Amino acid sequence: MKRIVVLISGRGRNLQALIRACADGRVAGRVARVIANRADAAGLTYARAAGVPTQVISHRDYADRESFDRALLAAVSAEEPAAVVLAGFMRILTPVFVAPLQGRLLNIHPSLLPRYPGLDTHARALAAGDREHGATVHFVTEALDAGAAIIQGALRVRPDDSADTLARRVLEEIELRIYPQAVAWLLSGELQWRGGAWFRGRLLTQPLTLDALDPAFRS
Ligand code: GRF
């Protein structure tokens, strides 16, 4: 069974969706380890309840980014994972960590990249008056939130949306669907990294959309 390592910093709602997708067979793998950079990451509680080994590697215990990334890489690599999934992981990773994992390292960003890399994406989309907003799953490369996009889901911004209501809808309607699907495609071999994102034998020059979701990932 192929192994997945998930890195979290917070509630781990994407982690929960991925564990469920593995349990019901939609993802041909299992979450072998959950690593958090904070002991108070609520997602750790969920992982433990699901019987998934957990580990905390606190960036405060390391003198600099590179030494933290080396410790994190050692813990991740020990699982020999087919996929390393950043799920609400709030650390900027250096090439020390990214380079050895390139092609197996995924992230989800709550915006329609390349719009709004970085933080506070929902508030920025509202402030700009965007009529649509969403989330993007991408391969992680050394540039922040700028790796090869794999799949992107969009929804219509409502006139009465706040950053909180928009964030919740993007998470529930988009993220929790596209992320497990992207991991499923990576483990099945339909999605490959060849210096760019390749899907079913062709280079993705733009991200897939919700239309590409397999039926099992649409609900
Ligand atoms: C999500 O909105 C995700 O897009 C971002 O972190 C937020 C929290 O994710 N990366 P989670 O609840 O910790 O999975």
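Guide: In this predicted model, a residue counts as buried when its relative accessible area is under 20%.

Visitor: Is aspartate 130 buried or exposed?
Guide: Aspartate 130 sits in the loop between helix 5 (121-127) and strand 6 (132-139). Its relative accessible area is 15%. The limit for the term is under 20%, so aspartate 130 is buried.

Visitor: How many of the residues of strand 5 are buried?
Guide: On one side of strand 5, Leu105, Asn107 and His109 are buried, and on the other Leu106 and Ile108 are buried. Both faces are therefore covered, and the strand is largely enclosed by the rest of the structure because the buried residues number five of the five.

Visitor: Which residue stands opposite leucine 106 of strand 5?
Guide: Strand 4 (residues 83-86) and strand 5 run parallel and are joined by three bridges. The residue opposite leucine 106 is valine 85.

Visitor: Which residues have the most contacts inside the largest nonpolar core?
Guide: This core has 46 residues, and its largest share, eleven residues, comes from helix 6 (residues 163-188). Apart from this core lies another of 19 residues, among them Ile57, Leu72, Leu101 and Val140. Inside the largest core, the residues with the most contacts are Ile4 and Val6.

Visitor: Which residues does isoleucine 4 touch, not counting those up to four places away in sequence?
Guide: The list includes Arg30 and Arg33 as well as Gly29. Also on it are Leu18, Cys22, Val27, Val31, Ala32, Ala83, Val85, Val183 and Leu187.

Visitor: How far from the ring centre of phenylalanine 68 does arginine 91 lie?
Guide: The charged end of arginine 26 sits over the ring of phenylalanine 217, 5.1 Å from its centre. Arginine 91 lies over the face of phenylalanine 68, and its distance from the ring centre is 4.8 Å.

Terms used:
Residues numbered from 1 in each chain as written. Predicted model: local features only at pLDDT ≥ 70, side-chain atom pairs only at ≥ 80, totals over all residues. Heavy atoms only, no water. Core = buried A, V, L, I, M, F, W, Y, C linked by side-chain atoms within 4.5 Å. Buried < 20%, exposed > 50% of the residue type's maximum accessible area, 1.4 Å probe, protein only. Helix = DSSP H or I, 4+ residues; strand = E, 2+ residues; numbered from the N terminus. Contact = heavy atoms within 4.5 Å. Lys NZ or Arg CZ within 6 Å of the ring centre and 35° of its normal. Pairing = 2+ DSSP bridges.
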